[in-house]
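Some notes on this model follow, as numbered points. Please read them beside the coordinates.

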Amino acid sequence: ALDALDADSRLALRPGLRWQLVPHGPDTVALRLFDRTITLPADCEPAARALLTGTVTRVGDLPGLPDDADRVTLARRLLREAVLVPA
């Protein structure tokens with residue numbers, strides 16, 4: 001799924017995942033999960049929140065990031081961390 005990920009890919013939150021997205025310093029946000037914390041640039045917060053809603057989201061439709069390359073990078077990271085699953 002990671003290799004095939006592009007702006008047209010659709011992703012969803014992993015079922016049953018408990019999370020909390022909070023500010024973490026001046027330039028980052030922290031995605032707190034049960035077993036770990038993932039830090040992201042603060043610019044990723046709107047896109048991360050969109051992905052964490054629980055609805056199926058098209059990567060290219062993520063808000064707040066300047067281009068598809070940044071959207072794919074965020075999606076790939078959260079997919080690799082098992083926060084998201086292909087939809």
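1. At the start of α2, which backbone nitrogen does a side-chain oxygen of Asp 67 reach? That of Ala 69, to within 3.2 Å. A polar contact here is a pair of N or O atoms within 3.5 Å; within protein, one must be able to donate a hydrogen and the other to accept it, and residues adjacent in sequence count only if both atoms are side-chain atoms.

2. The model is predicted: local features need pLDDT of at least 70, side-chain atom pairs count only at pLDDT 80 or more, and totals for chains, interfaces and linings use all residues. Residues are numbered from 1 along each chain as its sequence is written, and side-chain values use heavy atoms, leaving out hydrogens and water.

3. Helix α2 covers residues 68–80. Ala 82 follows α2, with a positive phi near 65°.

4. Arg 71, Val 72, Leu 74, Ala 75, Leu 78 and Leu 79 of α2 are buried (under 20% relative accessible area, 1.4 Å probe, protein chains only). These buried residues fall within an arc of 165° seen down the axis, so they line one face of the helix. The arc is taken from the directions from helix axis to C-beta atoms. On the other side, Thr 73 and Arg 80 are exposed (over 50%).

5. The buried residues of α2 pack against β1, β3, β4, α1 and β6 (contact: heavy atoms within 4.5 Å).

6. Strand β2 (residues 19–23) runs antiparallel to β3, joined by five bridges (pairing takes at least two DSSP bridges). Leu 21 has Leu 31 of β3 as its bridge partner. Four residues separate the strands of this hairpin, and Gly 25 in the turn has a positive phi of about 85°.

How values were computed:
Helix = DSSP H or I, 4+ residues; strand = E, 2+ residues; numbered from the N terminus. Expected span 1.5 Å × (residues − 1).
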